[in-house]
Amino acid sequence: DKLGREYTLVDRPVASPTALLLKVANEPSMLRARELLVLGSLNNARREWWYATRNLEVTELLAAGQLAEQWGWHKKSIQSLIQAQYWDALQLRFPLAYEEEVRFAAKETKIDPTLLFAIARQESAFAADARSPAGAMGLMQLMPATAKQTAKKLGVVHNTWDLVKPSHNINLGSRYLDELLQEFDGNRILAAAAYNAGPNRVKRWLKDSSPEMPYDVWIETIPFRETRGYVQNVLSYTVIYGYRMGQQTS
């Protein structure tokens with residue numbers, strides 16, 4: 001960015017042979033995982049998936065990742081590529097999941113959709129039923145109290161378990177992110193940090209730092225390791241999603 005050069009991303013799609021895809025898909029445990037996923041029995045589906053993939057070769061893991069993406073099971077697709085240590089298949093690692101909902105939320109809030117994709121990718125890897133140890137829920141990992149407050153401001157009918165519904169979660173998550181962007185004068189770095197650690201902490205960190213400090217340096221001074229990595233990932237993912245969506249991003 002400082003050099004003013006365009007990004008050049010390595011993108012090597014996975015293209016498993018049909019015979020290999022069929023072989024992996026027809027393993028008994030993989031068949032069970034697929035059926036349980038369709039039935040909505042997600043915990044059991046995850047157990048079967050783990051059993052199915054625990055001893056797969058790298059080429060088979062890549063095929064499993066393709067299958068999971070075809071089934072809309074984005075987190076397992078991402079995890080399969082991590083397990084295979086194959087980092088360059090950007091379509092599988094950074095899916096345009098729930099694109100219709102993301103684009104609608106982006107239109108309503110004027111937030112760049114690449115930022116919404118990046119936040120959801122970092123928060124849950126697009127697992128609609130994700131739940132953190134702290135109690136955050138859904139694709140954009142909203143705390144129930146934050147979701148309730150945001151829904152009240154919007155006049156949206158809401159109960160806690162609605163957060164596992166992608167459209168509802170993305171709607172509230174994007175609105176909350178929009179509030180943070182407004183609070184921090186449109187600065188996506190500060191808004192992302194606040195989304196992870198809370199706006200009061202970010203204000204305290206800013207107060208303790210020099211006003212002239214460049215933002216790339218400021219990110220490195222974030223005292224929470226999790227938040228520091230979170231902001232770095234969100235910025236990187238925004239660039240990758242710009243590439244995925246055919247737009248230049250910095």
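## Ala105 in helix 7

Ala105 sits in helix 7, which covers residues 99–109; helices here are DSSP runs of H or I with at least four residues, numbered from the N terminus. With a relative accessible area of 5%, Ala105 is buried, a label that applies under 20% relative accessible area with a 1.4 Å probe and protein chains only. Leaving aside residues up to four places away in sequence, Ala105 touches Leu116, Ile170 and Ser174, where contact means heavy atoms within 4.5 Å. Ala105 and His158 are 53 residues apart in sequence, and their C-alpha atoms are 17 Å apart in space.

A word on the model: it is predicted, so local features need pLDDT of at least 70 and side-chain atom pairs count only at pLDDT 80 or more, while totals for chains, interfaces and linings use all residues. Residues are numbered from 1 along each chain as its sequence is written, and side-chain values use heavy atoms, with hydrogens and water left out.

## Val24 in helix 1

Let's turn to helix 1, residues 18–25, where Val24 has its place. Val24 counts as buried because its relative accessibility is 2%. Its contacts, not counting residues up to four places away in sequence, are Met30, Glu60, Ala63, Ala64 and Leu67. For Val24 and Leu67, the separation is 43 residues in sequence and 8.6 Å in space, C-alpha to C-alpha.

## Gln141 in a loop

Gln141 belongs to the loop between helix 8 (113–124) and helix 9 (144–154). Gln141 is buried too, at a relative accessible area of 12%. Its side chain reaches the backbone oxygen of Gly138 at 2.9 Å.

Which residues does Gln141 touch, not counting those up to four places away in sequence? They are Glu123, Ser124, Ala130, Arg131, Ser132, Ala136 and Asn169.

## Helix 11 against helix 12

Here is a helix pair to look at. Two packed helices are described by the angle between their axes and the distance between the axes. For helix 11 and helix 12 (residues 199–207), the axes come within 7 Å and cross at roughly 130 degrees; axes are lines fitted to C-alpha atoms, for helices over the stretch in contact, and angles run from 0 to 180 degrees between N-to-C directions. Helix 11 and helix 12 are therefore oblique to each other, given that angles under 35 degrees count as roughly parallel, over 145 as roughly antiparallel, 65 to 115 as roughly perpendicular and the rest as oblique.

From helix 11, Leu190, Ala193, Ala194 and Ala197 meet Pro199, Arg201, Val202, Trp205 and Leu206 of helix 12. Sorted by class, this contact has 8 nonpolar, no polar and 1 charged residues; Ala, Val, Leu, Ile, Met, Phe, Trp, Tyr, Cys and Pro count as nonpolar, Asp, Glu, Lys and Arg as charged, and the others, Gly among them, as polar.

How do helix 11 (residues 188–197) and helix 14 cross? Their axes come within 9 Å and cross at roughly 130 degrees, and the two helices are therefore oblique to each other. The contact involves Arg188, Ile189, Ala192, Ala193, Tyr195, Asn196 and Ala197 on helix 11, together with Glu226, Thr227, Tyr230, Val231, Val234, Leu235 and Thr238 on helix 14. By class, that gives 9 nonpolar, 3 polar and 2 charged residues.

Thr238 is part of helix 14, residues 225–244. At 2% relative accessibility, Thr238 counts as buried. Its side chain reaches the backbone oxygen of Val234 at 2.7 Å.

Conventions. Buried means under 20% relative accessible area, exposed over 50%, partly exposed in between (1.4 Å probe, protein chains only). A polar contact is a pair of N or O atoms within 3.5 Å; within protein, one must be able to donate a hydrogen and the other to accept it, and residues adjacent in sequence count only if both atoms are side-chain atoms.
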